Amino acid sequence: MVTDPISDFLTRVRNAQSAGHKVVEIPASKIKKEITKILFDQGFILNYKFEDNSVQGSIKIALKYDKQTNKPAIKLIQRASKPGLRYYAGSADLPRVLNGLGIAIISTSKGVMTDKKAREEKVGGEVICYIY
């Protein structure tokens with residue numbers, strides 16, 4: 001049994017990239033699907049596919065690598081808010097990742113979004129993770 005499914009999602013992506021895999025398969029949930037869409041929109045992954053082959057379904061993510069150096073597109077993917085210690089931030093206190101070069105994924109009352117979009121809409125929420 002997984003106690004923190006989002007952390008499991010991030011760890012699977014991190015491990016697949018460090019092993020040099022092209023595709024990683026992850027059990028699906030609504031929040032994991034939203035995080036996957038954000039990763040695709042921000043250019044951190046090549047593509048994704050949601051499969052509803054079982055009760056839970058799965059997400060297949062095609063990982064992105066640099067063509068010359070063969071290094072992963074995601075340098076760091078780190079969980080911010082944990083089940084034991086939740087991390088909430090108001091719209092004025094949202095974190096900046098590498099002075100705006102990276103993103104923070106925020107779970108707000110208006111849905112899951114990046115820190116930049118949350119600042120534009122002036123909403124705060126739970127900081128899920130940092131990616132750059």
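Biologist: In this predicted model, which helix holds Thr-36?
Modeller: The model is a predicted one. Residues 30-41 form a helix, and Thr-36 has its place there. The element is helix 2.

Biologist: Is Thr-36 buried or exposed?
Modeller: Away from its neighbours within four places in sequence, Thr-36 is in contact with Phe-9, Ile-45, Tyr-48, Phe-50, Ile-59 and Ile-61. Buried means under 20% relative accessible area. Thr-36 has a relative accessible area of 0%, so the residue counts as buried.

Biologist: Which other residues of helix 2 are buried, and on how wide an arc do the buried ones lie?
Modeller: Besides Thr-36, the buried residues of helix 2 are Lys-32, Ile-35, Ile-38 and Leu-39. They are on the same side of helix 2, because the arc they cover around the axis is only 160 degrees.

Biologist: Which exposed residues does helix 2 carry on the face turned away from its buried side?
Modeller: Just after helix 2 comes Gly-43, with a positive phi of about 85 degrees. The exposed residues on the face of helix 2 turned away from the buried side are Lys-30 and Asp-41.

Biologist: How far apart are the end C-alpha atoms of helix 2?
Modeller: Helix 2 has 12 residues, and at 1.5 Å a residue they should span 16 Å. The distance in the model agrees with this. Between the end C-alpha atoms of helix 2 it is 17 Å.

Biologist: How far apart are the end C-alpha atoms of helix 1?
Modeller: Helix 1 has 15 residues, which should span 21 Å at 1.5 Å a residue. The model agrees, with the end C-alpha atoms of helix 1 apart by 21 Å.

Biologist: Why are the buried residues of helix 1 said to be on the same side?
Modeller: The buried residues of helix 1 are Ile-6, Phe-9, Leu-10, Val-13, Ala-16 and Gln-17. They are placed on the same side of helix 1 because they cover an arc around the axis of only 130 degrees.

Biologist: What covers the buried residues of helix 1?
Modeller: On the other side of helix 1, Ser-18 and Ala-19 are exposed. The cover over the buried residues includes strand 1, helix 2, strand 3, strand 4 (77-79) and strand 8.

Biologist: Which element gives the largest share of the largest nonpolar core?
Modeller: The largest nonpolar core has 25 residues, and Ile-61, Ile-105 and Ile-131 have the most contacts inside it. Among the elements that each supply at least two residues of this core are helix 1 (5-19), strand 1 (23-27), helix 2 and strand 3 (58-63). The largest share, 5 residues, comes from helix 1.

Biologist: How many residues are in the second, separate core?
Modeller: In the largest core, Ile-105 is one of the residues with the most contacts. Not counting residues up to four places away in sequence, Ile-105 touches residues including Ile-35, Ile-38, Val-112, Met-113 and Ile-131. The second, separate core includes Ala-80, Val-97, Ala-104 and Ile-106, and its number of residues is 11.

Biologist: How are the rings of Phe-40 and Tyr-48 arranged as a pair?
Modeller: A pair of aromatic rings is described by the distance of the centres and the angle of the planes. For Phe-40 and Tyr-48 the centres are 5.3 Å apart and the planes are at 75 degrees. This aromatic pair is edge-to-face.

Biologist: How is the pair of Tyr-48 and Phe-50 classed?
Modeller: Ring pairs link Phe-40, Tyr-48 and Phe-50 into a cluster. Tyr-48 and Phe-50 have ring centres 5.0 Å apart and planes at 45 degrees, so the pair is classed as tilted.

Biologist: Which residue has its charged end over the ring of Phe-50?
Modeller: Phe-50 has a relative accessibility of 28% and so counts as partly exposed. The charged end over its ring is 5.3 Å from the ring centre, and it belongs to Lys-33.

Biologist: How far apart in space are Thr-114 and Ile-103?
Modeller: Thr-114 lies in strand 7 (residues 111-114) and is buried, with a relative accessible area of 9%. Leaving aside neighbours within four places in sequence, its contacts are Ile-38, Gln-42, Ile-103, Ala-104 and Ile-106. Thr-114 and Ile-103 are 11 residues apart in sequence, and their C-alpha to C-alpha distance is 6.3 Å.

Key. Residues are numbered from 1 along each chain as its sequence is written. This is a predicted model: local features need pLDDT of at least 70, side-chain atom pairs count only at pLDDT 80 or more; totals for chains, interfaces and linings use all residues. Side-chain values use heavy atoms; hydrogens and water are left out. Helices (H or I, at least four residues) and strands (E, at least two) are DSSP runs, numbered from the N terminus. Buried means under 20% relative accessible area, exposed over 50%, partly exposed in between (1.4 Å probe, protein chains only). Contact means heavy atoms within 4.5 Å. A nonpolar core is a set of buried Ala, Val, Leu, Ile, Met, Phe, Trp, Tyr and Cys residues joined through side-chain atoms within 4.5 Å. Rings of Phe, Tyr and Trp (its six-membered ring) pair if their centres lie within 6.5 Å; planes under 30 degrees apart count as stacked, over 60 as edge-to-face and the rest as tilted. A charge sits over a ring if NZ of Lys or CZ of Arg is within 6 Å of the ring centre and within 35 degrees of the ring normal. The expected span of a helix is 1.5 Å times one less than its number of residues. The arc is that of the directions from the helix axis to the C-beta atoms.
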